[in-house]
There are 2 protein chains.
Amino acid sequence: VKTVAIVGTGLIGGSFALALREAGFSGRIAGVSSPGAIREALARGVIEEEMTLAGAAAGADLLYLAQPIGRILRTLKELGAQARAGALITDAGSTKREIVAAAERLLPRGTFLGGHPMAGKESRGVESADAGLFRGFPYVLTPSDEEMLNSGIAQEFVWWLRRIGADVQVMTPAEHDRLVAGTSHLPQLLATALARTLADLEGAERTAGPALRDMTRIASSSFEVWRDILATNPDAIRDVLRRFRTQLDEAERRVGLDSMEELFRQAAEGAQRWRRS
Amino acid sequence: VKTVAIVGTGLIGGSFALALREAGFSGRIAGVSSPGAIREALARGVIEEEMTLAGAAAGADLLYLAQPIGRILRTLKELGAQARAGALITDAGSTKREIVAAAERLLPRGTFLGGHPMAGKESRGVESADAGLFRGFPYVLTPSDEEMLNSGIAQEFVWWLRRIGADVQVMTPAEHDRLVAGTSHLPQLLATALARTLADLEGAERTAGPALRDMTRIASSSFEVWRDILATNPDAIRDVLRRFRTQLDEAERRVGLDSMEELFRQAAEGAQRWRRS
């Protein structure tokens, strides 16, 4: 990889650029974004130059699409047949079925690799970008076929992902969307519903400790990002909400009973699985 | 205050002792606890000496009861008429109606001031104690009458709470219990139910990012502490669970709709109220 084009120089795109640099990448890093976002990304030293999407399609070895889902879909359409064999187009969109299906339809075979870094913050924009954003967290890749991962450029990309500290996980787009319904979309809806419940509880802030802060941190997430996530995964979200309600009902039934201990134990054991130091 | 007795030298009691020292308290700090807890607290330098509860009642100006609720109730019974006028007994129990009612029944008038620091960690024990634990968070006081706060010893205690960085909030035991049902007990049940939902989702850890970690951190909380909390506040917990379900149902109905934006906005505004930098 000699030239990387970051399409969408916000939190994720900016963090990927900073992480690459910190990991020793010495090629060119260009940005494709709105004039305002490009100005900020240049000012923060996240990219060194601006490119058009057509310029990136012609000149970049790696195109990193770090936009909201709807805009990634539009970018794929714009790229279309411009995508070059030997170059890799990858994305960081939060659901994978629609994006991977669109890429299969629109791009030449073997040029696209779907991705989703399980990293982020409730704040957006390149000013929140952080070279360490991906470190220690899963980075899901959803190749349309496993062979895709054997190309030289895909292997180089995976090598850089590991260099920036990501925990690379390969799965199908469907498996990804089913899992993130539970690990990402459900927590978001819980935080939103919790924050709204407490917004109506006068004086709540007078007893707000660190646990509440943790539990509602993502209630400040951007709807611009979440609109598309929720719209592209409704069935899996409804399924996991149904299972969550069963667990919450069970917990409510055991309020005041010693048998609640079993639920606490199972919850703590579950949380151990995705807990890191 | 010349002599402080920490009754229960775990996370909260140990943190209070460390915080006092860091804030310049130069009197004696003794511990009343099990032999093992005393040994650890001495080793960590959290207390300088061991006391019996009778010794603390006779010799300490401030008794700080930092035990689970059930044990605080037993300590109040043991203290009973031993409590000295001029000394202050305060507690850090997580619900306040039962404790304050018991203290009114068992202790001489004017000797007890209920308290609850909105601070903590999912880990327990003096090894997690931290002088900064209370800084920037609410510390609720629930005097049985407001006059109680005018005694010299109560004023001195409040002065130390402010010195250790706590945000002192005065309210009735009933108001406290109603508010923490939403700001503490509901989040705990949500984290427990979320962690159990995901414990059944095979491969969940492969897509677990920072938001999930935040949302299930307290799923590792100790049931020994939570048994008594839940048992002493069931009605307020059921009430807030009912309101939470209404919000979650509303969110589910709007999955995939632009009208979800309104819920995100209200949630973010709500969360602003208890968010600190």
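The model is predicted.

**Relation between the chains**

- Of the interface residues of chain A, 100% are also interface residues in chain B, so the copies meet through the same surface.
- Helix α10 (residues 234-253) of chain A packs on helix α10 (residues 234-253) of chain B, with the axes 12 Å apart and at an angle of about 175°.
- Because an angle over 145° counts as roughly antiparallel, α10(A) and α10(B) are roughly antiparallel to each other.
- The residues of α10(A) in this contact are A:R238, A:L241, A:F244, A:R245, A:L248, A:D249 and A:E252.
- On the side of α10(B), they meet B:R238, B:L241, B:F244, B:R245, B:L248, B:D249 and B:E252.
- The contact of α10(A) with α10(B) comprises eight charged and six nonpolar residues, with no polar ones.

**Helix packing within chain A**

- Helix α4 (residues 69-79) and helix α5 (residues 97-106) of chain A have axes that come within 9 Å and cross at roughly 5°.
- Since angles under 35° count as roughly parallel, α4(A) and α5(A) are described as roughly parallel to each other.
- From α4(A), the residues A:I69, A:I72, A:L73, A:L76 and A:K77 take part in the contact.
- Their counterparts in α5(A) are A:E98, A:I99, A:A102, A:A103 and A:L106.
- By class, the contact of α4(A) with α5(A) has eight nonpolar and two charged residues, and no polar residues.

- Rolling a probe the size of a water molecule over the atoms shows where empty space is left.
- The count comes to one cavity of 30 Å³ or more.
- The largest cavity holds about 40 Å³ of space.
- Its lining is formed by A:V1, A:V4, A:F16, A:L20, A:F25, A:L62, A:F157 and A:W160.
- Helices α1 (11-22) and α6 (152-163) of chain A each contribute at least two residues to the lining of the largest cavity.
- The lining of the largest cavity consists of eight nonpolar residues, with no polar and no charged ones.

Terms used: Residues are numbered from 1 along each chain as its sequence is written. Chains are lettered from A and ligands numbered from 1 in the order in which they are written. This is a predicted model: local features need pLDDT of at least 70, side-chain atom pairs count only at pLDDT 80 or more; totals for chains, interfaces and linings use all residues. Side-chain values use heavy atoms; hydrogens and water are left out. Contact means heavy atoms within 4.5 Å. Axes are lines fitted to C-alpha atoms, for helices over the stretch in contact, and angles run from 0 to 180 degrees between N-to-C directions. Helices (H or I, at least four residues) and strands (E, at least two) are DSSP runs, numbered from the N terminus. Angles under 35 degrees count as roughly parallel, over 145 as roughly antiparallel, 65 to 115 as roughly perpendicular and the rest as oblique. Ala, Val, Leu, Ile, Met, Phe, Trp, Tyr, Cys and Pro count as nonpolar, Asp, Glu, Lys and Arg as charged, and the others, Gly among them, as polar. On a 1 Å grid over the protein atoms alone, a cavity is a set of points where a 1.4 Å probe fits but cannot get out, and a pocket is an open set with protein on both sides within 12 Å along at least five of seven lines; lining residues have an atom within 4 Å of a point. Grid points are joined across faces, edges and corners, and a volume is the space filled by probe spheres set on the points.
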